Amino acid sequence: MRQKRWQPCLARYSRRREMEKLLFIDACVRDERSRTKILCDVYLEEFLKKNPETEVETVVLRNGSVQPHTMEKLDIRDDLVRKKDFTHQMFSLAKQFKEADYIVIGTPYWDLSFAAILKVYIENIMVADLTFKATNTGFIGLCNGKKLTYITTAGGFIGEKNYGYDYMCGAADMLGIPETECIKAEALDIEGFDAEKIVAKAVEEIRCKFK
(Lines give C-alpha, C1' and ligand atoms only; values in the text may rest on other atoms or scores of the structure.)
Protein backbone atom coordinates (compact mmCIF):
# COMPACT_ATOMS: atom_id res chain seq x y z
CA MET A 1 0.00 0.00 0.00
CA ARG A 2 1.29 3.43 -0.95
CA GLN A 3 -0.02 6.50 0.76
CA LYS A 4 0.36 10.09 -0.34
CA ARG A 5 -0.44 13.22 1.64
CA TRP A 6 -1.57 16.14 -0.47
CA GLN A 7 -1.66 19.84 0.15
CA PRO A 8 -4.13 21.21 -2.44
CA CYS A 9 -1.91 23.98 -3.76
CA LEU A 10 0.79 21.41 -4.58
CA ALA A 11 -1.45 18.64 -5.86
CA ARG A 12 -0.23 16.90 -8.98
CA TYR A 13 -2.24 14.94 -11.45
CA SER A 14 -1.25 11.56 -12.86
CA ARG A 15 -3.00 9.50 -15.49
CA ARG A 16 -1.54 6.25 -14.15
CA ARG A 17 -4.19 3.65 -13.34
CA GLU A 18 -2.09 0.72 -12.10
CA MET A 19 -4.20 0.37 -8.96
CA GLU A 20 -7.47 1.64 -7.57
CA LYS A 21 -7.37 4.97 -5.76
CA LEU A 22 -9.06 6.12 -2.58
CA LEU A 23 -9.22 9.86 -2.03
CA PHE A 24 -9.57 10.95 1.60
CA ILE A 25 -10.84 14.51 1.94
CA ASP A 26 -9.86 15.54 5.46
CA ALA A 27 -12.09 18.40 6.58
CA CYS A 28 -11.89 17.36 10.24
CA VAL A 29 -10.54 20.83 11.19
CA ARG A 30 -9.34 19.95 14.71
CA ASP A 31 -6.86 17.38 13.38
CA GLU A 32 -5.60 15.08 16.19
CA ARG A 33 -8.31 16.29 18.61
CA SER A 34 -11.05 15.51 16.11
CA ARG A 35 -13.46 12.72 16.95
CA THR A 36 -14.42 12.65 13.28
CA LYS A 37 -10.77 11.96 12.41
CA ILE A 38 -10.76 8.98 14.79
CA LEU A 39 -13.59 7.40 12.80
CA CYS A 40 -11.92 8.27 9.49
CA ASP A 41 -8.65 6.66 10.56
CA VAL A 42 -10.46 3.46 11.55
CA TYR A 43 -12.38 3.40 8.26
CA LEU A 44 -9.21 3.84 6.21
CA GLU A 45 -7.40 1.19 8.24
CA GLU A 46 -10.17 -1.35 7.73
CA PHE A 47 -10.62 -0.47 4.06
CA LEU A 48 -6.93 -1.04 3.38
CA LYS A 49 -6.95 -4.35 5.21
CA LYS A 50 -9.66 -5.46 2.83
CA ASN A 51 -8.16 -3.72 -0.22
CA PRO A 52 -4.38 -3.68 0.37
CA GLU A 53 -3.47 -2.72 -3.19
CA THR A 54 -5.41 0.53 -3.05
CA GLU A 55 -3.44 3.76 -3.34
CA VAL A 56 -4.56 6.41 -0.83
CA GLU A 57 -4.32 10.12 -1.50
CA THR A 58 -5.22 12.63 1.21
CA VAL A 59 -6.32 16.22 0.74
CA VAL A 60 -6.02 18.12 4.02
CA LEU A 61 -8.45 21.01 4.20
CA ARG A 62 -7.34 23.65 6.68
CA ASN A 63 -7.82 27.40 6.78
CA GLY A 64 -6.32 28.82 3.60
CA SER A 65 -5.54 25.48 1.95
CA VAL A 66 -8.25 26.01 -0.67
CA GLN A 67 -9.58 29.36 -1.78
CA PRO A 68 -13.12 30.44 -2.72
CA HIS A 69 -13.69 31.78 -6.19
CA THR A 70 -13.22 35.48 -6.86
CA MET A 71 -14.44 37.47 -9.86
CA GLU A 72 -10.95 37.48 -11.33
CA LYS A 73 -10.47 33.75 -10.78
CA LEU A 74 -13.87 32.94 -12.28
CA ASP A 75 -13.08 34.94 -15.41
CA ILE A 76 -9.89 32.93 -15.95
CA ARG A 77 -11.59 29.66 -15.09
CA ASP A 78 -14.59 30.25 -17.36
CA ASP A 79 -12.32 31.12 -20.29
CA LEU A 80 -10.28 27.94 -19.81
CA VAL A 81 -13.41 25.81 -19.46
CA ARG A 82 -14.77 27.22 -22.73
CA LYS A 83 -11.51 26.21 -24.39
CA LYS A 84 -11.56 22.84 -22.57
CA ASP A 85 -8.04 23.61 -21.39
CA PHE A 86 -7.67 21.94 -18.00
CA THR A 87 -3.89 22.15 -17.72
CA HIS A 88 -3.98 25.08 -15.29
CA GLN A 89 -3.11 24.36 -11.64
CA MET A 90 -6.59 25.50 -10.55
CA PHE A 91 -8.01 22.25 -11.99
CA SER A 92 -5.65 19.90 -10.12
CA LEU A 93 -8.11 19.11 -7.34
CA ALA A 94 -10.90 18.42 -9.82
CA LYS A 95 -8.70 16.09 -11.86
CA GLN A 96 -7.57 14.27 -8.73
CA PHE A 97 -11.19 13.83 -7.61
CA LYS A 98 -12.25 12.66 -11.08
CA GLU A 99 -9.66 9.87 -11.09
CA ALA A 100 -10.49 8.45 -7.62
CA ASP A 101 -12.35 5.15 -7.40
CA TYR A 102 -13.45 5.73 -3.80
CA ILE A 103 -14.08 9.00 -1.96
CA VAL A 104 -14.01 9.30 1.84
CA ILE A 105 -15.02 12.64 3.36
CA GLY A 106 -14.50 13.42 7.04
CA THR A 107 -16.06 16.57 8.50
CA PRO A 108 -17.78 17.60 11.74
CA TYR A 109 -21.52 18.30 11.81
CA TRP A 110 -21.61 22.07 12.11
CA ASP A 111 -24.65 24.33 11.79
CA LEU A 112 -26.84 21.61 10.22
CA SER A 113 -24.27 20.65 7.57
CA PHE A 114 -20.44 20.65 7.52
CA ALA A 115 -17.34 22.80 7.89
CA ALA A 116 -17.27 25.71 5.42
CA ILE A 117 -13.86 24.71 4.06
CA LEU A 118 -15.47 21.60 2.57
CA LYS A 119 -17.92 23.72 0.57
CA VAL A 120 -14.99 25.71 -0.81
CA TYR A 121 -13.35 22.44 -1.85
CA ILE A 122 -16.53 21.28 -3.61
CA GLU A 123 -16.65 24.58 -5.51
CA ASN A 124 -13.13 23.85 -6.75
CA ILE A 125 -13.91 20.36 -8.05
CA MET A 126 -17.21 21.18 -9.77
CA VAL A 127 -15.88 21.88 -13.27
CA ALA A 128 -18.08 21.65 -16.37
CA ASP A 129 -16.80 19.19 -18.99
CA LEU A 130 -14.22 17.86 -16.55
CA THR A 131 -16.09 16.37 -13.58
CA PHE A 132 -19.61 16.76 -14.97
CA LYS A 133 -21.36 17.69 -18.19
CA ALA A 134 -24.51 19.83 -18.45
CA THR A 135 -27.05 18.74 -21.06
CA ASN A 136 -30.57 19.80 -21.99
CA THR A 137 -31.88 16.85 -19.96
CA GLY A 138 -29.74 17.32 -16.85
CA PHE A 139 -26.24 16.60 -15.60
CA ILE A 140 -24.01 13.71 -16.62
CA GLY A 141 -21.27 12.76 -14.18
CA LEU A 142 -17.78 12.30 -15.61
CA CYS A 143 -16.01 10.98 -12.50
CA ASN A 144 -14.68 7.44 -12.00
CA GLY A 145 -15.88 7.15 -8.40
CA LYS A 146 -17.73 3.99 -7.36
CA LYS A 147 -18.66 5.05 -3.84
CA LEU A 148 -18.61 8.11 -1.58
CA THR A 149 -18.42 7.58 2.17
CA TYR A 150 -19.33 10.54 4.39
CA ILE A 151 -18.10 10.42 8.00
CA THR A 152 -19.27 12.93 10.60
CA THR A 153 -19.67 13.46 14.35
CA ALA A 154 -22.03 15.77 16.20
CA GLY A 155 -22.26 17.19 19.68
CA GLY A 156 -26.06 16.93 19.55
CA PHE A 157 -28.53 14.80 17.67
CA ILE A 158 -28.49 15.01 13.88
CA GLY A 159 -31.82 13.30 13.36
CA GLU A 160 -33.42 14.08 10.01
CA LYS A 161 -31.41 17.28 9.59
CA ASN A 162 -28.37 15.64 8.02
CA TYR A 163 -28.17 18.34 5.37
CA GLY A 164 -24.42 18.00 4.86
CA TYR A 165 -24.82 14.38 3.84
CA ASP A 166 -27.89 15.23 1.75
CA TYR A 167 -25.81 17.82 -0.10
CA MET A 168 -23.00 15.34 -0.73
CA CYS A 169 -25.52 12.80 -2.05
CA GLY A 170 -26.68 15.41 -4.56
CA ALA A 171 -23.09 16.24 -5.49
CA ALA A 172 -22.24 12.56 -5.92
CA ASP A 173 -25.22 12.07 -8.22
CA MET A 174 -24.21 15.08 -10.29
CA LEU A 175 -20.62 13.83 -10.57
CA GLY A 176 -21.60 10.28 -11.52
CA ILE A 177 -20.82 8.45 -8.25
CA PRO A 178 -23.53 5.79 -7.90
CA GLU A 179 -23.25 4.82 -4.22
CA THR A 180 -23.08 6.83 -0.99
CA GLU A 181 -23.10 5.98 2.70
CA CYS A 182 -23.06 7.98 5.92
CA ILE A 183 -21.20 6.99 9.08
CA LYS A 184 -21.93 9.13 12.11
CA ALA A 185 -21.58 9.41 15.86
CA GLU A 186 -23.93 11.89 17.52
CA ALA A 187 -24.96 13.28 20.93
CA LEU A 188 -21.29 13.46 21.95
CA ASP A 189 -21.63 16.67 23.99
CA ILE A 190 -25.01 16.11 25.62
CA GLU A 191 -24.98 15.77 29.39
CA GLY A 192 -25.68 12.22 30.46
CA PHE A 193 -24.28 10.64 27.29
CA ASP A 194 -20.92 8.88 27.34
CA ALA A 195 -19.01 10.26 24.36
CA GLU A 196 -16.24 7.67 24.58
CA LYS A 197 -18.74 4.81 24.46
CA ILE A 198 -20.60 6.39 21.53
CA VAL A 199 -17.38 6.78 19.54
CA ALA A 200 -16.29 3.25 20.49
CA LYS A 201 -19.63 1.90 19.25
CA ALA A 202 -19.21 3.75 15.94
CA VAL A 203 -15.68 2.33 15.62
CA GLU A 204 -17.00 -1.18 16.15
CA GLU A 205 -19.73 -0.63 13.57
CA ILE A 206 -17.10 0.47 11.04
CA ARG A 207 -15.01 -2.63 11.74
CA CYS A 208 -18.08 -4.84 11.29
CA LYS A 209 -18.67 -3.35 7.82
CA PHE A 210 -15.47 -4.94 6.59
CA LYS A 211 -15.83 -8.39 8.17
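Mentor: Ring pairs join Tyr-43, Phe-47, Tyr-102 and Phe-210 into a cluster. Rings of Phe, Tyr and Trp (its six-membered ring) count as a pair if their centres lie within 6.5 Å; planes under 30 degrees apart are stacked, over 60 edge-to-face, and the rest tilted. The model is a predicted one, in which local features need pLDDT of at least 70 and side-chain atom pairs count only at pLDDT 80 or more, while totals for chains, interfaces and linings use all residues. Residues are numbered from 1 along each chain as its sequence is written, and side-chain values use heavy atoms, with hydrogens and water left out.

Trainee: How many aromatic pairs does the structure hold?

Mentor: The structure holds 9 aromatic pairs. One of them is formed by Phe-114 and Tyr-167.

Trainee: Why is the pair of Phe-114 and Tyr-167 called edge-to-face?

Mentor: The centres of Phe-114 and Tyr-167 are 5.7 Å apart, with 65 degrees between the planes. That distance is within 6.5 Å and that angle is over 60, so the name edge-to-face applies.

Trainee: What makes this pair a tie between parts of the chain?

Mentor: Phe-114 lies in the loop between β4 (102-106) and α4 (116-125), and Tyr-167 lies in helix α5 (residues 163-175), so the pair ties together parts that are 53 residues apart in sequence. Helices (H or I, at least four residues) and strands (E, at least two) are DSSP runs, numbered from the N terminus.

Trainee: Is Phe-114 buried or exposed?

Mentor: Buried means under 20% relative accessible area, exposed over 50%, and partly exposed in between (1.4 Å probe, protein chains only). Phe-114 has 10% relative accessibility and therefore counts as buried, whereas Tyr-167, at 32%, counts as partly exposed.

Trainee: Why is the pair of Phe-132 and Phe-139 called edge-to-face?

Mentor: The ring centres of Phe-132 and Phe-139 are 5.5 Å apart and their planes stand at 85 degrees, so this pair is edge-to-face. Phe-132, at 10% relative accessibility, counts as buried, while Phe-139, with a relative accessible area of 51%, is exposed.

Trainee: What makes helix α3 mostly covered?

Mentor: In helix α3 (residues 92-99), 8 of its 8 residues are buried. Among them are Ser-92, Leu-93, Phe-97 and Glu-99.

Trainee: Where does UniProt place the flavodoxin-like fold?

Mentor: An unreviewed UniProt entry gives the feature "domain: Flavodoxin-like fold" at residues 21-207. This span is 39% helix and 21% strand, and its end C-alpha atoms lie 21 Å apart. Such annotations may be inferred rather than shown by experiment.
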